[in-house]
Amino acid sequence: MWNTAIWRKTWGDQRGLLLALGALWTAFPWIYIWLSSQIPMPAFQDVLLRAIPQDWQKLSGVPFTEVATHAGRVALAFVDPVVVLAATVWGITRGSDAVSGQVERGTMEMVLAQPVRRTAVFVTQALATTVASAVLCGVLFLAVWTAIATGPWAGKVDPLRFVPATLNVFGLMTCLAGISACVSAADSYRWRTIGILCGFYVFSILAKLVGRLSQTLSWVGYLSVLNAYEPQRLVGDPAAAWPLLTAYSAVLLGTGLAAYVTGAVIFSRRDLPAPL
Amino acid sequence: MLVHTEHLSKRYGTFTALDGCSLQVRAGEIFGLLGPNGAGKTTLLRLLLGYIRPSSGSARVAGFDCVRQSLEVRGRTAYLPGEARLFRRMNGHMVLDFFSRLRPECRRDRAAGVARRLDLDCGRQVARMSTGMRQKLALAVVLATESPLVILDEPTANLDPTARAEVLDLVREARAAGRTVIFSSHVLSEVEETCDRVAIVRAGRLVHEQSLDHLRRRHRITARLTGPIGAVPAALAHQVTVGGETDGRIALEASDSLAPLLGWLATLPLDEVRIEPVGLSAVYDAFHRDRGADGRTA
């Protein structure tokens with residue numbers, strides 16, 4: 001189930017994107033907290049609690065009273081597109097390259113001419129991607145920690161409150177990478193795999209929004225894996241954070257793992273087309 | 001037998017890529033696979049390597065089933081695909097390192113030696129290599145192993161004449177070392193000068209197997225008739241076939257040693273006599289000219 005050569009090659013393949021996202025997530029918390037601190041808290045609370053219609057809280061997922069705190073404002077970074085989209089790009093990019101990317105480029109042909117099991121190729125790549133996701137989340141948390149500890153809000157926020165939120169990001173990355181790898185395992189064109197995953201992601205966003213905004217259609221939200229991505233809730237209520245995280249991780253990590261297992265089975269049994 | 005297939009077939013919906021292929025490849029021989037584009041040669045090879053599953057029939061390599069024991073098959077086989085694609089971000093050294101780690105018995109120094117013989121600069125990145133250079137690198141990967149079976153699909157494609165000659169030498173050295181080679185090519189001259197036996201595939205069917213040793217003993221004699229010729233002597237009847245007369249010219253085909261024939265030929269009323277080996281092209285053309293797409297006579 002493991003292959004050292006494939007492990008090393010996968011790290012080489014993902015190194016560029018890993019370094020880029022690592023640099024982005026190192027810089028982003030600093031920039032975000034500095035920019036946020038330019039708006040004084042009373043002004044922010046004024047806008048949030050008085051100027052914006054309270055109905056809009058449905059979109060937020062957490063009460064505006066939680067958002068209008070220093071911890072709540074930092075937690076907004078975890079739902080900022082820089083974090084969410086970067087996590088999504090990572091998951092879809094790495095997952096789609098697992099099989100369909102290599103089949104489309106033709107490099108899978110030479111690899112599978114060697115005495116290596118298909119499941120070993122797939123699982124080793126999955127492990128490398130998952131470990132790299134953990135590294136990126138570690139970078140994100142350290143950046144948040146140091147930005148809080150040395151930034152304008154030092155002493156006003158406990159950095160440890162963001163551990164569950166960071167782990168939630170890891171769950172999202174693993175879930176999307178797993179689903180992407182599963183689709184990739186059945187596909188022969190990376191562009192099509194990415195397209196399917198983009199469609200899935202858009203559907204997930206819309207389902208989550210519909211579930212939040214409509215009482216009669218609230219069940220639609222459960223069709224979205226993004227319903228288990230709620231870093232603001234994990235930050236807003238420290239007492240409930242870990243039980244909530246367990247539930248969210250069960251969905252995200254469970255879905256990711258199930259997708260990886262399904263993908264491994266599909267890949268081990270399918271016919272592989274010859275390179276064009 | 002090192003390779004044994006029995007009624008091996010592969011169908012994609014209504015399209016039959018390989019139809020009931022039964023062949024055997026002996027250990028220690030160079031076995032050629034000939035056929036036009038789309039004949040099913042690559043399908044056959046990919047079935048052996050486990051890239052695709054057969055619709056029916058079976059295939060075994062060194063006694064291992066190609067479907068259920070694919071790992072064992074690939075552990076005993078070195079395969080060069082028809083379109084060998086390598087990792088663009090790696091250079092030649094990194095590619096050789098990677099594949100030598102994937103295959104325990106692959107010797108890195110041997111791979112480097114093959115690369116040198118093929119005059120390949122391994123310091124260059126694959127993305128910056130020409131098509132021929134990538135082919136040489138793939139050959140270095142494949143020929144560095146000491147597996148009992150080597151399968152080469154179009155190994156000399158995109159190679160310059162010097163490299164082509166080196167590759168054929170390497171194939172012959174593999175046989176001399178006791179290895180078995182399956183050699184798929186469109187270049188009849190290469191198959192003819194290298195292989196011991198050849199199979200001709202057309203429209204998914206194995207239509208003919210030919211021993212090159214027997215082929216080399218076959219000759220075609222053409223001449224201008226200056227008078228009527230009689231019946232072939234009984235002693236030579238088993239090895240001589242007389243063709244029809246066309247525009248005053250006649251063709252005879254001899255399937256065995258020429259020496260017994262020469263005395264009889266000298267008695268015939270012939271002029272402008274030409275004697276030439278039949279050649280693989282004549283055999284190939286017999287199965288590919290004037291035939292329909294299904295391989296049957298038109």
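A residue is called buried here if 20 or more other C-beta atoms lie within 10 Å of its own, exposed if 12 or fewer do, and partly exposed in between, with the C-beta atoms placed from the backbone. H7(B), with 13 C-beta neighbours inside 10 Å, therefore counts as partly exposed. The structure is a predicted model, in which local features need pLDDT of at least 70 and side-chain atom pairs count only at pLDDT 80 or more, while totals for chains, interfaces and linings use all residues. Residues are numbered from 1 along each chain as its sequence is written, and chains are lettered from A, with ligands numbered from 1, in the order in which they are written.

The model scores ipTM 0.88 and pTM 0.89. For chain B the average pLDDT, which is the predictor's confidence in each residue on a scale from 0 to 100, is 89, and 97% of the residues score at least 70. Over residues 291–298 of chain B, however, the pLDDT is below 50, and this stretch has 13 contacts in the model beyond near neighbours in sequence; two residues are in contact if their C-beta atoms, placed from the backbone, lie within 7 Å.

Chain B contains 10 helices and 14 strands, where helices (H or I, at least four residues) and strands (E, at least two) are DSSP runs numbered from the N terminus. Its C-alpha trace spans about 70 × 45 × 30 Å along the principal axes, and buried residues make up 40% of its 298 residues. Of the contacts in chain B with a separation of 6 or more, 69% are accounted for by residues 24 or more positions apart. The chain is divided into domain 1 (3–211) and domain 2 (219–277), with bounds that come from an automatic or database domain assignment, and the C-alpha centres of these two domains of chain B lie 41 Å apart.

Most residues other than glycine have a negative phi. H7(B), in strand β1 (residues 3–12) of chain B, has a positive phi of about 50 degrees although it is not a glycine. N158(B), likewise not a glycine, has a positive phi of about 70 degrees and lies in the loop between β7 (149–153) and α6 (161–176) of chain B; with 14 other C-beta atoms within 10 Å, N158(B) is partly exposed.

The contact between the chains takes 18 residues from chain A and 22 residues from chain B. On the side of chain A that touches chain B, the elements that give two or more residues are α1 (4–37) and α7 (107–111) of chain A. By class, that side has nine nonpolar, four polar and five charged residues, counting Ala, Val, Leu, Ile, Met, Phe, Trp, Tyr, Cys and Pro as nonpolar, Asp, Glu, Lys and Arg as charged, and the others, Gly among them, as polar.

Within chain A, helix α6 (residues 81–105) spans only 30 Å between its end C-alpha atoms, whereas a straight helix of 25 residues would span 36 Å at 1.5 Å a residue, the expected span being 1.5 Å times one less than the number of residues. There is a kink of about 60 degrees in α6(A), centred on D97(A), where the bend at a residue is the angle between axes fitted to the seven residues ending there and the seven starting there. Because 19 of its 25 residues are buried, α6(A) is largely enclosed by the rest of the structure.
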